[in-house]
Amino acid sequence: MHIRAKVKQRLRMKKDNEIGLAPQPSKLFGTSDTVVRAVLNQLEEVKCPLCHVAPLPFAVDYQGFQLCSCPSCGLQFLSPRPVVEQLTENVYNETYFAETETADESKSADRYQFARQLANLLRLRKERRGTILDVGCGDGSFLRYARYEGWQVAGTDIRLASGARKMNCPLWEGQLPLIDFNEVRFDVIRFNHVLEHTQNPLLELAAARKLLAPGGIIFISVPNIAGLSARLKNAQSRLHLKQKRWRHYAALHHLWFFSPETLTKLVEQAGLSVLYWETPVWKKSHQSSFLEQVYRKLLEGSRAASILDFYCAARRQG
Ligand SMILES: [Zn+2]
């Protein structure tokens, strides 16, 4: 979403944020539990969307958010969580949507990421381009890139930014499950750091599945809670070695936390099957090419990097 794109750029700048991708766009980020509780005072209990059972808490972060996991499927999420109205007002506000820096480093990282995703999609689609819907298209930078690469682009966002509007392509405003697309279908639907912010990721994917053209692919990218970086920070948080414990979960705006196992369960329950998955390492311009290659090879080879990318197709039955 708008959210995602803006956040993503800031996040990348922050060294200690590989997994949580927690930026500083809202005045609530990094504040104490007292401040957070005063502003976000309406909470709602959440059940596992896959199993419909109440979760078990396993930690409380430095802002007082309770991290839980489903005793049945292991999906991790926030419960209780702030209600959507208060999140919209106090987290996804103007500060959150403020324009971000357009440093060459972030542009170059974006281009690397876009190129990698499109290359994987082309390979899986046997080199056929087509229509691509970017859910949470933000400033439209992916739309621009994909169009230049020969794709027909379209986008949605909770609030459409001017950058996206300038693209002169089909755009819809609102949450995906609530949008009426009429008869329009897409060859690719992209959720790039979007699912972890949504109210119900199962409903998002089920809605996307219905919008897929025959042979279409749904692309999902989320923080990897089972990555090496997350595991190290989990241990530091448990041992009270971190001043801001569990900050890497970014619970203020992330409501769901996925591992390869739980994301697989989610996509399967949404009627999808996983065609291919990887844990990409984003390009870092400050690293030497040799170090970058070693780092990349180790983390990607063991699928332990901090980002989880899934490429999925609709299952034939249902
Ligand atoms: Zn469950």
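Predicted model: local features only at pLDDT ≥ 70, side-chain atom pairs only at ≥ 80, totals over all residues.
Trainee: What share of the residues in the protein is buried?
Mentor: Buried means under 20% relative accessible area. The protein has 318 residues. The buried share is 56%.

Trainee: Which residues are the protein donors of the zinc ion?
Mentor: Look for SG atoms lying 2.3 Å from the zinc ion. Along the chain, the donors follow the spacing C-x2-C-x18-C-x2-C. They are C48, C51, C70 and C73.

Trainee: Why is the arrangement around the zinc ion called tetrahedral or irregular?
Mentor: Ideal angles for four tetrahedral donors are 109.5 degrees. Four donors count as tetrahedral if all angles lie between 85 and 135 degrees. Here the four donor atoms subtend 105 to 114°, so the arrangement is tetrahedral.

Trainee: Is C48 buried or exposed? And where does C51 fall, buried or partly exposed?
Mentor: Take C48 at 1% relative accessibility: it counts as buried. C51 has 25% relative accessibility. The cut-off for buried is under 20%. That makes C51 partly exposed.

Trainee: How many bridges join β2 to β3?
Mentor: The two strands run antiparallel. L56 stands opposite S69 in β3. Their hairpin has five residues between the strands, and G64 takes a positive phi near 90°. The number of bridges is four.

Trainee: Which residue in β4 stands opposite C68?
Mentor: Strand β3 covers residues 66–69. β3 and β4 pair in the antiparallel sense over three bridges. The residue opposite C68 is F77.

Trainee: Which two residues does a cis peptide bond join?
Mentor: Most peptide bonds are trans. Here, omega is about -5°. P80 lies in the loop between β4 (76–78) and β5 (81–82). The bond joins S79 and P80.

Trainee: Is E127 buried or exposed? And A250, buried or exposed?
Mentor: Most residues other than glycine have a negative phi. E127 has a positive phi near 70°, and A250 has a positive phi of about 55°. E127 is in the loop between α4 (104–124) and β6 (131–135), while A250 is in the loop between α8 (228–238) and β11 (256–257). At 55% relative accessibility E127 is exposed, and at 4% A250 is buried.

Trainee: Which residues have the most contacts inside the largest nonpolar core?
Mentor: This core has 56 residues. Among the elements giving it two or more residues are β9 (186–192), α7 (201–210) and β10 (212–223). A second, separate core has 20 residues, including F114 and I217. In the largest core, the residues with the most contacts are I189, F191, L205, I220 and L263.

Trainee: Why is α7 said to be largely enclosed by the rest of the structure?
Mentor: The buried residues of α7 include L202, L205 and A208. They pack against β9, β10, β11, α9, β12 (272–278) and β13. Leaving aside neighbours within four places in sequence, L205 contacts F191, I218 and L266, among others. α7 is largely enclosed because the buried residues number seven of its ten.

Trainee: How many Å apart in space are S273 and C312, C-alpha to C-alpha?
Mentor: S273 is in strand β12. S273 is partly exposed, with a relative accessible area of 26%. Beyond neighbours within four places in sequence, S273 is in contact with Y311, C312, A313 and R315. S273 and C312 are 39 residues apart in sequence, and in space 5.4 Å.

Technical notes:
Residues numbered from 1 in each chain as written. Heavy atoms only, no water. Donors = N, O, S within 2.8 Å, 3.2 Å for Na, K, Ca; no water. Tetrahedral: all angles 85-135°; square planar, octahedral: opposite > 155°, others 65-115°. Buried < 20%, exposed > 50% of the residue type's maximum accessible area, 1.4 Å probe, protein only. Pairing = 2+ DSSP bridges. Core = buried A, V, L, I, M, F, W, Y, C linked by side-chain atoms within 4.5 Å. Contact = heavy atoms within 4.5 Å.
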